[in-house]
Amino acid sequence: MGQMSARVLALAGLLAFLAPAFKAQSAKNIDMQPFGKTPDGHEVSLYTLKNQSGAEVKIINYGGTITSIKVKDRHGKFDDVVLGFDNLDGYVSKTNKSYFGALIGRYANRIAHGTFVLDGHQYHIPINDGSNALHGGLRGFDKVVWDAKDVSTARAPELELHYLSRDGEEGFPGNLSVTVRYSLTGQNDLRIDYSATTDKDTVLNLTNHSYFNLAGPGSGDILKHKLTLAADRFTPINSALTPTGAIESVAGTPLDFRKPTAIGARINQDDPQLKFAKGYDHNFVLNHSGEGPGLAATVEEPHSGRVLEVFTTQPGIQIYSGNFLNGSVRGIGGVYKFRSALCLETQHFPDSPNHPNFPSVVLRPGEQFHQTTIFRFSTE
Ligand code: BGC
């Protein structure tokens, strides 16, 4: 046999060896199950993404919501590490004001007085949080049904969600076409890629609002979770929880998480920032350069040994210690009590349309919006 045909045979052998592995993965990438109907009659589906090590992420196309993330602890035991419901009623219920696991838009976080000026035009977004518009108004991206498509590759199960937000929806200008891709890699990275285009100048801030408790369902508060943030600065808030416009150093404040610190270590200190928010509910200014996803946060849960690292291309992260959870909502794992979960919302800064000194959130026709956030799960 010539050298050439020996090589061809070897290559064919290698391909034959690899093919079943690729096939097994791509054939059963994403399981889809019915998850009920919205009050206005839209069918909602539940999509399950699973990787080789058994980690599993469940997403519904109502709100593009993550309903469950199951990952191993240090002994190999799987637990759900996010708050959520096992039925659609929990998500559509008017008593659910917590945005559990949902995609947030068109403007994540607060816009003071629900108003801003863009290109000399004043826009009004419905007020739904004291004097502010929070998380996109009365019917934000968390309350709409997204189109879903399995776009899995041989490497990872991937779910693509699409939503067309019409010109004027919730007061925002421009038809905005938004695509969000969720993928779960073999390394236990839950990757979220956001992209969007518009046909008119608009403002845009997208995030995911998962509530993490790395100790698993019904395990109490998150005060012993240790948090590290790659943030030297933060945007202080006023009593309405909107930024004052200042950007300040965390040094010497209870918001200094540059070294691993338990969330509960300083949360009850007599500090005006903590008093305003009843705990942590602040935007941190990330140190990374902005080229590619940089490390933003690390959360370690000492009992289970679970570790969550958050990487992002975004300039900020909202750390919210579940201060408005009050035991009035029952979900998977029981009643959701005060500070029983932690949100790590990668984002542009709150109320940016009213603060020219913050990075711009304006998207114009012809521009492509792209942001990526990775939630990486491991154990120590
Ligand atoms: C906000 C909190 C709010 C929570 C649920 C977070 O993004 O920062 O103040 O209570 O979302 O609405």
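# Close-up views of a predicted model

**View 1. Strand β28, enclosed within the predicted model.** In this predicted model, strand β28 covers residues 342–347, and because six of its six residues are buried, the strand is largely enclosed by the rest of the structure.

View 2. Strands of a sheet pair through backbone hydrogen bonds, which may be arranged in a parallel or an antiparallel way. Here six strands form an open sheet, and read across it their order is β17-β28-β25-β22-β19-β20, with antiparallel pairing. The edges of this sheet are formed by β17, at residues 211–212, and β20, at residues 248–249, each of which pairs on one side only. Within the sheet, strand β22 (residues 281–285) is joined to strand β25 (residues 316–320) by five bridges, and the two strands run antiparallel. Asn-283 is one of the residues taking part, with Gln-318 in β25 as its bridge partner.

**View 3. Asp-281, a buried acidic residue in β22.** Asp-281 has its place in strand β22, and with a relative accessibility of 5% it counts as buried. Beyond the residues up to four places away in sequence, Asp-281 touches Arg-110, Ile-237, Leu-241, Gln-318, Ile-319, Tyr-320, Asn-323 and Phe-324. For one of these residues, Leu-241, the separation from Asp-281 is 40 residues in sequence, while the C-alpha atoms of the two are 8.0 Å apart in space.

**View 4. Leu-308 and its surroundings.** Leu-308 belongs to strand β24, which covers residues 306–312, and at 0% relative accessibility this leucine counts as buried. When the neighbours within four places in sequence are left aside, the contacts of Leu-308 are with Phe-212, Leu-214, Ala-297, Thr-298, Val-299, Leu-344, Phe-375, Arg-376 and Phe-377. Val-335, by contrast, is 27 residues from Leu-308 along the chain, and the C-alpha atoms of the two are separated by 23 Å.

**View 5. Ser-98 in a loop.** Ser-98 is found in the loop between α2 (88–92) and β6 (102–104), and its relative accessible area of 14% makes it a buried residue. Apart from residues up to four places away in sequence, Ser-98 touches His-209, Tyr-211 and Leu-325.

**View 6. Strand β3 between two partners.** Strand β3 covers residues 56–60, and because five of its five residues are buried, it is largely enclosed by the rest of the structure. From this strand Glu-56, Lys-58 and Ile-60 point one way, whereas Val-57 and Ile-59 point the other way, and all are buried. Strand β2 (residues 43–50) pairs with β3 in the antiparallel sense over five bridges, in which Leu-46 has Ile-60 of β3 as its bridge partner. The hairpin of β2 and β3 has five residues between the strands, and in it Gly-54 takes a positive phi near 95°. Strand β4 (residues 65–72) is joined to β3 by five bridges and runs antiparallel to it, with Val-57 standing opposite Ile-69 in β4. In the hairpin of β3 and β4, where four residues lie between the strands, Gly-63 takes a positive phi near 70°.

**View 7. The chain that surrounds these details.** The secondary structure of the chain comes to three helices and 30 strands. Its radius of gyration is 21 Å, close to the 21 Å that the globule rule gives for 380 residues, so the chain is as compact as a globular protein of that length. Of those 380 residues, 55% count as buried. Among the contacts with a separation of 6 or more, 64% come from residues 24 or more positions apart.

Notes: Residues numbered from 1 in each chain as written. Predicted model: local features only at pLDDT ≥ 70, side-chain atom pairs only at ≥ 80, totals over all residues. Heavy atoms only, no water. Rg over C-alpha atoms; globule rule 2.2 N^0.38 Å. Buried < 20%, exposed > 50% of the residue type's maximum accessible area, 1.4 Å probe, protein only. Contact = heavy atoms within 4.5 Å. Pairing = 2+ DSSP bridges.
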